[in-house]
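User: Please take a close look at one part of this structure. I would like a single connected account, with the cut-offs behind each term.

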Amino acid sequence: FFYTSSFIANLLRGVYNTTNPDGTNSLWAAISSLIIILSIPACGYYGALYSNRQLTCCFCSSNLFITIVSIMTFIHVSIRISELDGHCEKEWNAQQRRTCEEWTNA
């Protein structure tokens, strides 16, 4: 629900009206991401409703994959912040600098 609401809010604000430097359209990327994100709970729902093992396995595998990637991202960000010793201005990537600032100010 949160991802869908966030997508609609960003769409109304015009966040997806730009083209990325690598030539991809951010609206297309956002719609593709929304479809993939929403297909995971749909697999779980229909897998449970119709006792379909393949859909249930898809749901569980997708959630396991997301969990592993989230844990790895958390560990990576924690290690990087400790390497910077909390000095986020040393981070060269703007997105990673913002992430560092959010984590150290929280």
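Analyst: The sulfur of Cys60 lies 7.0 Å from the closest cysteine sulfur, that of Cys57, which is too far for a bond; a disulfide is taken here as a pair of cysteine sulfur atoms within 2.5 Å. The model is a predicted one, in which local features need pLDDT of at least 70 and side-chain atom pairs count only at pLDDT 80 or more, while totals for chains, interfaces and linings use all residues. Residues are numbered from 1 along each chain as its sequence is written, and side-chain values use heavy atoms, with hydrogens and water left out.

Cys60 counts as partly exposed at 44% relative accessibility, and Cys57 is partly exposed too, with a relative accessible area of 47%. On this scale buried means under 20% relative accessible area, exposed means over 50%, and partly exposed is what falls in between, with a 1.4 Å probe and protein chains only.

A search of the whole structure does find 1 disulfide. It joins Cys88 to Cys100, with an S to S distance of 2.1 Å. The angle about the S-S bond is -75°, and the link of Cys88 and Cys100 is therefore left-handed. Cys88 sits in the loop between H3 and H4, whereas Cys100 belongs to helix H4, so the pair ties together parts that are 12 residues apart in sequence. Helices here are DSSP runs of H or I with at least four residues, strands are runs of E with at least two, and both are numbered from the N terminus. Both partners, Cys88 and Cys100, are buried. By contrast, Cys57 is in no disulfide.

The bonded pair belongs to the region where two helices meet. Two packed helices are described by the angle between their axes and the distance between the axes. Here helix H3 (residues 53–84) packs against helix H4 (residues 94–105) at an angle of about 85°, and their axes are 11 Å apart. That makes H3 roughly perpendicular to H4. Axes are lines fitted to C-alpha atoms, for helices over the stretch in contact, and the angles run from 0 to 180 degrees between N-to-C directions. Angles under 35 degrees count as roughly parallel, over 145 as roughly antiparallel, 65 to 115 as roughly perpendicular, and the rest as oblique.

From H3, the residues that make the contact are Phe74, Val77, Ser78, Ile81 and Leu84; from H4, they are Thr99, Cys100, Trp103 and Thr104. Contact means heavy atoms within 4.5 Å. Sorted by class, the contact of H3 with H4 has 6 nonpolar, 3 polar and no charged residues. In that sorting Ala, Val, Leu, Ile, Met, Phe, Trp, Tyr, Cys and Pro count as nonpolar, Asp, Glu, Lys and Arg as charged, and the others, Gly among them, as polar.

Leu84 is placed in helix H3 and is buried, with a relative accessible area of 7%. Not counting residues up to four places away in sequence, Leu84 touches Lys90, Glu91 and Cys100. The C-alpha atoms of Leu84 and Cys100 are separated by 9.2 Å, with the two residues 16 apart along the chain.

Glu91, one of the residues touched by Leu84, is found in the loop between H3 and H4. Glu91 counts as buried at 3% relative accessibility. Its side chain makes a polar contact of 2.9 Å with the side chain of Arg80. A polar contact is a pair of N or O atoms within 3.5 Å; within protein, one must be able to donate a hydrogen and the other to accept it, and residues adjacent in sequence count only if both atoms are side-chain atoms. Leaving aside neighbours within four places in sequence, Glu91 is in contact with Arg80, Leu84, Gln96 and Arg97.

Another glutamate, Glu102, has its place in helix H4. At 56% relative accessibility Glu102 counts as exposed, and its C-alpha atom is 9.7 Å from that of Cys88, 14 residues away along the chain.

As for the chain around this region, it has 4 helices and 0 strands, running α-α-α-α from the N terminus on. Of its 106 residues, 17% count as buried.
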